[in-house]
Amino acid sequence: MVLHRLFLVLILFVSMVVSAQTPQITMLQRDGKANEIPLLDNRFRIDHNIEEITLLFFRAPGTPAVVLVKPDGSKYYATSSLDNDALQWYDEVSYDLIILKKPTPGPWQVIGQIQKNSRIMVLGDIELEVEALPPLLFRGEVLKVTGRVTNDDKPIEVGYFRDVVTLYVEFSSTNNDEYANFGAGTQSVTDFKDDGREFDERPLDGIFTGEFKLNFPAGEWQPEFFIETPILKRRVIKPPIIIAEPPFNFELMLAGENEFEHGLTISIDESVVKPETIILQGKIFYPNGEEQMFTLDKQERLYRQLAIKNYDWGRYSVEISAFGENINGREFMATLPNYNFEIERPIEKVPELEAPQLPQTALPEPEPEPTISTGLLISIIVAGNLVVLLIGWLAIRVFVQKKPIKIKLPALKNPFKKTEEVIDLNDLGEDENNTTANGSKNDKSGDILNLSMKDN
């Protein structure tokens with residue numbers, strides 16, 4: 001939609017000056033013939049020698065698409081292009097862009113709410129011309145490109161056309177497995193116009209001038225330049241080119257413990273560029289957030305030395321741009337990849353805390369622990385085992401075998417007695433019923449217990 005709107009005035013090859021009475025039209029001439037057809041009262045005539053014609057009708061926004069009436073009375077509608085290869089119809093909100101191939105000669109008519117600035121024109125041979133690219137390029141280089149759009153091999157000088165045409169630039173990988181960009185696909189680099197802005201030198205001079213940076217991987221690439229509009233498409237494919245790595249190498253020398261500067265040596269490859277023409281400038285970013293601009297002027301040697309302040313540990317970054325001539329004598333400007341390095345934070349040793357010294361006091365000597373001899377220890381173990389066995393035997397005899405335990409005690413002798421006393425328990429009274437009337441027991445046998453003792 002946006003692309004169509006940009007090219008609404010693509011076919012306005014004629015500047016129309018409107019006066020208070022009648023409009024005056026200036027026609028673009030080609031080979032002595034006019035390539036624009038006047039539109040009067042919504043009528044126009046097409047000659048027999050016209051192979052293709054483009055019609056642009058501006059109408060009130062939101063109104064229906066116009067209707068074309070052929071010389072034989074038949075009509076073309078916006079939907080007629082679906083089944084007609086000779087008709088292309090772009091029905092937009094406020095205009096109709098129609099392309100007819102081999103139109104019928106004779107008077108035509110358009111029906112609709114047509115604006116006064118509508119045009120009917122004939123396109124010639126539109127071509128895109130782009131200058132050849134330099135043979136020696138490297139990654140990061142800023143490249144300048146110039147292109148022209150011509151009509152029948154002549155520059156188009158009508159400002160309306162140049163103002164809306166955009167030139168696009170692409171680089172496609174050749175998929176050569178010998179290079180690092182194998183399988184990288186297509187890189188859309190830039191697009192620019194003939195409007196005098198950014199890198200275009202002069203507005204509306206018919207020359208599209210632009211600059212772009214080769215900020216994609218090094219390798220073999222094929223450049224492509226093209227313009228594409230609703231009514232024309234042109235593409236120019238250039239031969240493959242080699243984009244090499246930047247001809248600069250870096251070597252860093254870190255500062256010592258008591259040194260204040262790091263040293264960055266930038267070596268120059270004299271097989272690609274001329275060292276005596278090289279100027280380097282850029283910016284250093286320090287770990288503490290400080291920035292420092294620098295410039296290294298031309299010198300007749302193969303290296304440049306850059307001093308970087310030693311701000312202790314942290315991340316350092318250096319942006320560098322190079323200016324000079326390559327070995328072919330072509331001036332170049334390139335932005336090199338940032339050079340970054342980092343210094344690790346030193347590990348600080350934590351001092352050991354000394355334990356507080358307590359007043360020394362004489363501690364009592366520990367008493368020697370009693371020791372048990374091996375023999376005594378064995379005796380205790382054996383005795384314990386015997387006791388356990390004895391208890392076990394008693395338990396088995398009493399509770400398992402149900403046998404009473406009999407213990408014979410020896411008779412006690414009285415040392416004061418000269419004669420032994422014999423007591424026969426069987427001779428005692430038989431029972432308690434054999435008692436006298438006064439409660440004393442009667443001896444059935446009439447024996448009398450003799451308790452007398454012999455004289456010494």
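Modeller: A salt bridge here is a side-chain nitrogen of Lys or Arg within 4 Å of a carboxyl oxygen of Asp or Glu. Arg 59, Asp 91 and Asp 96 are linked in a network of such bridges. This is a predicted model, where local features need pLDDT of at least 70 and side-chain atom pairs count only at pLDDT 80 or more, while totals for chains, interfaces and linings use all residues. Residues are numbered from 1 along each chain as its sequence is written, and side-chain values use heavy atoms, with hydrogens and water left out.

Biologist: Happy to follow along! How many salt bridges does a search of the whole structure find?

Modeller: The search finds 8.

Biologist: Why is the contact of Lys 283 with Glu 291 called a salt bridge?

Modeller: The closest N and O atoms of Lys 283 and Glu 291 are 3.5 Å apart. The cut-off is 4 Å, so the pair qualifies.

Biologist: And what makes Arg 139 and Glu 245 a salt bridge?

Modeller: Their closest N and O atoms are 2.9 Å apart, again within 4 Å. Arg 139 and Glu 245 sit in distant parts of the chain, 106 residues apart.

Biologist: What about Glu 141 and Arg 330: how far apart are the closest N and O atoms?

Modeller: They are 2.7 Å apart in this salt bridge, and the two residues are 189 residues apart in the chain.

Biologist: Why is Glu 141 called buried?

Modeller: Buried means under 20% relative accessible area, exposed over 50%, and partly exposed in between (1.4 Å probe, protein chains only). Glu 141 has 0%, so it is buried. Arg 330, at 21%, is partly exposed.

Key
Helix = DSSP H or I, 4+ residues; strand = E, 2+ residues; numbered from the N terminus.
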